[in-house]
Every structure is written in C-alpha cells, then in structure tokens.
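User: I would like to learn how to read features from a structure model. Can we go through a few cases together?
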Amino acid sequence: MKLFTVYKLFFLVSAPKFKQKNNRGASLIELIVGVIIGGILIQLAYFAFSVNREMYLKDAAKNNSNQNLKTVFEIVGPTITQAGEGIGTDPNFPVISIRPFPSGSDNSEIVVRQLKIATRLRVCEDVTAGTQTEITVLSADVAAPAGCAPVDGNGDNYPDDLAQWKSYRESNGSNLRVYIYNGNGQGEFLNYASEAIYDAGGSAIEGTPSSGQVASAAIGVTGNLTNNYTAGGSTQLLILEERGYRLNGTTLQATIDGVSIDVIDNVGQFTVTATVRQNNSNSVCTTILSQTNTFACNPGLTTTYNWSQINGINVTSRPSIAENTPGLSASNVTQINSKSQTQTFYPRNLINF
C-alpha cells in the first residue's frame, strides 16, 4: 500500500513537468534564424527563376530571329534562282538589277525578271518615244519586217500568236504590263489592255474574222516610252514578271509588277551583291543597272557587262529586335541584332550559257 502511494505521488509530481516540456514554443532567436533562412531560400529561388526566364526569352528571341532570316532566304532565294526563266541565251537582257536602297545606304534593292508566256510578238512598225496607244504586232504588208505576217495554224481565222496573248491577258486580270525590248539590253514597260485586228483596207474587224480577212493586228497600250524602237530585227514585245525585294525601315517588302507587299518584319539588314566574273577574275558589284550602264564593282569591270557573267547573287541579312523587348537586357538585344547571315544563290544564267 505504501508502495502504491509513493508511485502515485511520483506520477502526480512528474506529469505536469512532462507536459510543459512538450508544449514549449520556439524562441525568438529560432524565429529570426528561420526567417533569415526562408528569405535566403526565396531569394535563391527568385534568382534561379530570373536567370531561367532570361535564358528562355533570349533563346526564344534568337530562335525567332533565326526563323526570320531563314524566311528571308526562303522567299528571296527561289526568285533569284528563277531569274531569267524563258529569256533564253540573250546575255544583254536586263534580267537582274541591283542598287543601294535607300540611295547611299548599305541596304539594297534587287529586281529580277522572267518570262511569263513563251510567245513573243514582233514590233512591226517603228515606235517613237512619247505617249503610246497602239503597237502593230502583225502585218501582211510586203514592206513589213520578216516574221510579221499573220499566221493562222488552227483554222479559226484569228492570228495564233495574238490569240495566245489575248487568252493569257483575259485569264490574268484583263490588264497586264508589256515589255518592249530592243534586243540590245534596253527596254521599258507599258500597260496592255486590248487587241485589235484589221482588214486590208485598215478597217477594224468586229467579231470573228472570215478566212484571210486579217491583214494586220495591234495591241492596245497606255503609257509613255523614253526610247525609240525600230521595227524588225530583235525588237520584241514580251510579257514578263518583274519581282523585287527591298527593306523599308525594318520590314522586307516584295514588289510584284510594281505593287508592294510587306512580307517580313524585324529585319535589320538586306544587302545584295553580285559576283561578276570577267577574264577569270571576280568582281563584287553593289550596283548593276545594265539598262543605263551604271555599275559599282570592286575591282571595276574591265569589259562590257552582260548577264551571262553573273557568277552568284549574295544576300546578307540580320535581325532587328526592339531594345525594349521584354526580358532581354540591352546587351542581349545588341548581341542578337549583330548576328548576320549570308547565302549565295545562282540564277539560271549558269544553265543557259
């Protein structure tokens, strides 16, 4: 009995002490240490997040810039490689023009030309510089140049060559540009919107002509010519596509038959040069305007230039991302914008000649 009483007293005395020890709160020092450690961990986490975010944004900007440059080359390259398609082996034809754009800048404008319809029409009467309304393209007159007589091979009484032009015009908007070319490197554009056929008396034929009725034919044009063109010889009319590329601010523009289209933004450079090979020596040309005999090449060209001598067209481009691009530092922007790429494309003259 005494033993049980002693044990009971011991339990009653020691129990409150045990309970107080387990419920003791954290000391002030422990709280401060915990706060400091937590702050350090938060700062480390935020630093890691910031670094990863900057790396992500930088990589994304680089990828977008590389894709932009890739798109520049993918658009411009095929146009250059098709330059001169259908022109044939005339080395004087102004297939490619290159000039600084804007004037005096390091950027460039390139214009390339290719034939859109294989049929060419002869110029059968002399054409004088100035306003134009009609150009004679067929004539049965014995005084007309060779090759001008109307030919009706399919028996519909309508001149075959003119029928092909009429069909192409009507299926492509009813209004086209026509290029008059003197065969010696010079040419100009006019607007072409109609055709006309005439009988031997010079009267216009309305409707379907009868057999042998067509004695001459002409195309209706509008516009002005700077040069005179002599009938016969190499003077011809052609339907061309003229496609160009240039930088307007930081936007790459395409011009198709004189109509401008914005195609790629955030482009910081568009420089085009031509490698011209003469006498087993290469010259790099920043200006090629063959129609006006204007060239800027290093070293200078030693002989008269022609299209067959182009040994490659070099296109250089670099990106242009804004200085306030989110998440990128000024050094990041400078680093990305300073990276340029150059690709060389080879036009069809390497096949034609």
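User: Which residue forms a salt bridge with Glu109, and how far apart are the closest N and O atoms?

Analyst: This is a predicted model. A salt bridge is called when a side-chain nitrogen of Lys or Arg lies within 4 Å of a carboxyl oxygen of Asp or Glu. Here Glu109 forms one with Arg246, and the closest N and O atoms are 3.3 Å apart. Glu109 belongs to strand β2 (residues 108-115) and Arg246 to strand β11 (residues 240-248), so the pair ties together parts that are 137 residues apart in sequence.

User: Are Glu109 and Arg246 buried or exposed?

Analyst: The cut-off decides this: buried means under 20% relative accessible area, and exposed means over 50%. Glu109 counts as buried because its relative accessibility is 8%. Arg246 is at 19%, so it is buried too.

User: How many salt bridges are there by this rule?

Analyst: The count comes to ten. Another of them is between Arg177 and Glu242, whose side chains meet at 2.8 Å, N to O. This pair also links distant parts of the chain, with Arg177 in strand β6 and Glu242 in strand β11, 65 residues apart. Arg177 is partly exposed at 22% relative accessible area, whereas Glu242 counts as buried at 14%. Salt bridges that share partners join Arg113, Arg177, Glu242 and Asp257 into one network.

User: Which residue forms a salt bridge with Glu170?

Analyst: The partner is Arg169, with the closest N and O atoms 3.9 Å apart. Glu170 is partly exposed, with a relative accessible area of 46%, while Arg169 is buried at 7%.

User: Now the sheet. In what order do the six strands lie?

Analyst: To read a sheet, follow which strand pairs with which. The six strands form an open sheet in the order β3-β10-β6-β7-β8-β5, and the pairing is antiparallel. The edge strands, β3 (121-122) and β5 (134-139), each pair on one side only. Helix α3 (residues 160-170) packs on the sheet and touches β3, β5, β6, β7 (187-198), β8 (216-222) and β10. The direction of helix α3 makes about 110° with that of β7.

User: How do I read a loop residue? Where is Asp199, and what does Asp199 touch?

Analyst: Asp199 sits in the loop between β7 and β8. At 22% relative accessibility, Asp199 counts as partly exposed. Leaving out residues up to four places away in sequence, Asp199 touches Ile205, Gln213 and Ala215. Asp199 and Ala140 are 9.8 Å apart in space, C-alpha to C-alpha, and 59 residues apart in sequence.

User: Last, the surface. Which residues form a nonpolar patch there?

Analyst: The patch is made of Leu28, Ile29, Leu31, Ile32, Val33, Ile36, Ile37, Ile40, Leu41 and Leu44, with about 990 Å² of accessible area together. One of these, Leu41, lies in helix α2 (residues 28-81). Leu41 has a relative accessible area of 54%, so it counts as exposed.

Notes
Residues numbered from 1 in each chain as written. Predicted model: local features only at pLDDT ≥ 70, side-chain atom pairs only at ≥ 80, totals over all residues. Heavy atoms only, no water. Patch = residues over 30% accessible without salt bridge, like charges linked within 9 Å, V, L, I, M, F, W, Y side chains within 5 Å. Areas by Shrake-Rupley, 256 points an atom, 1.4 Å probe, with all protein chains shown as cover. Helix = DSSP H or I, 4+ residues; strand = E, 2+ residues; numbered from the N terminus. Buried < 20%, exposed > 50% of the residue type's maximum accessible area, 1.4 Å probe, protein only. Pairing = 2+ DSSP bridges. Contact = heavy atoms within 4.5 Å. Axes fitted to C-alpha atoms, helices over the stretch in contact; angles between N-to-C directions.
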